[in-house]
Amino acid sequence: MAIVKAVLLMLILGGVIGMFLGIAGEKLYVAPDTREEDILAMLPGYNCGGCGNPGCSGMAAKLVSGESTIEQCKPCKADMKEKIRQYLAEHSGNA
Ligand code: SF4
């Protein structure tokens with residue numbers, strides 16, 4: 001009889017904890033900030049360092065933070081520069 005009580009208690013505790021974690025997961029969810037990855041995908045990817053950053057990923061981070069401008073990337077074509085400018089204008093806050 002004691003084992004039945006123990007199993008029931010574990011089932012109830014598991015259900016309550018699972019429900020709490022499910023609700024907390026929904027209420028506390030923070031959408032990931034994908035701006036750096038999105039911009040990195042739009043940059044030429046040469047990692048030449050011509051923009052003064054250690055590579056395109058560094059440039060993407062500085063573009064998101066506003067410390068650099070896309071004009072510093074000379075290899076980037078005009079249409080992609082415009083696309084990046086539009087993206088940054090549309091995603092200036094948190095993603
Ligand atoms: S200049 Fe452009 S291609 Fe070169 S590392 Fe900087 S962002 Fe990348």
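By class, the shell around the ligand holds ten nonpolar, five polar and one charged residues. Here Ala, Val, Leu, Ile, Met, Phe, Trp, Tyr, Cys and Pro count as nonpolar, Asp, Glu, Lys and Arg as charged, and the others, Gly among them, as polar. Of the 16 residues around the ligand, the ones that come nearest are Cys 48, Cys 51, Cys 56, Met 59 and Cys 73. A residue is near a molecule if its C-beta atom, placed from the backbone, lies within 6 Å of it.

Before going further, please keep in mind that this is a predicted model, in which local features need pLDDT of at least 70 and side-chain atom pairs count only at pLDDT 80 or more, while totals for chains, interfaces and linings use all residues. Residues are numbered from 1 along each chain as its sequence is written.

### The core

Twelve residues make up the largest nonpolar core: Ile 39, Leu 43, Cys 51, Cys 56, Met 59, Ala 60, Leu 63, Val 64, Ile 70, Cys 73, Cys 76 and Ile 84. Helix H3 (residues 56–65) gives the most to this core, with five residues. A nonpolar core is a set of buried Ala, Val, Leu, Ile, Met, Phe, Trp, Tyr and Cys residues joined through C-beta atoms within 7 Å. Buried means that 20 or more other C-beta atoms lie within 10 Å of a residue's own, exposed means 12 or fewer, and partly exposed is in between, with C-beta atoms placed from the backbone. Helices (H or I, at least four residues) are DSSP runs, numbered from the N terminus.

Cys 73 belongs to this core and is also one of the residues that come nearest the ligand. Leaving aside neighbours within four places in sequence, Cys 73 is in contact with Leu 43, Cys 51 and Met 59; contact means that the two C-beta atoms, placed from the backbone, lie within 7 Å.

Ile 84, another core member, lies in helix H4. Ile 84 is buried because 20 other C-beta atoms lie within 10 Å. Beyond four places in sequence, Ile 84 is in contact with Ile 39, Met 42, Leu 63 and Ile 70. Lys 81 is also found in helix H4 (residues 78–90), but counts as partly exposed because it has 16 C-beta neighbours inside 10 Å.

### The loop between H2 and H3

Gly 45 is found in the loop between H2 and H3, and counts as exposed because it has 12 C-beta neighbours inside 10 Å. Asn 47 has its place in the loop between helix H2 (35–42) and H3. With 14 other C-beta atoms within 10 Å, Asn 47 is partly exposed. The phi of Asn 47 is near 50°, a positive value in a residue other than glycine.

The protein chain is divided into domain 1 (1–30) and domain 2 (35–90), with bounds that come from an automatic or database domain assignment. Taken over C-alpha atoms, the domain centres are separated by 47 Å.

Helix H1 (residues 2–27) has 26 residues and reaches 37 Å from its first C-alpha to its last, close to the 38 Å expected at 1.5 Å a residue; the expected span is 1.5 Å times one less than the number of residues. Gly 22 is found in H1, and counts as exposed because it has 10 C-beta neighbours inside 10 Å.

### Some C-alpha separations

| Pair | Apart in sequence | C-alpha to C-alpha |
|---|---|---|
| Gly 22 and Asp 79 | 57 residues | 44 Å |
| Lys 81 and Leu 28 | 53 residues | 36 Å |
| Ile 84 and Asp 38 | 46 residues | 9.2 Å |
| Gly 45 and Ser 57 | twelve residues | 8.6 Å |

Terms used:
Helices (H or I, at least four residues) and strands (E, at least two) are DSSP runs, numbered from the N terminus.
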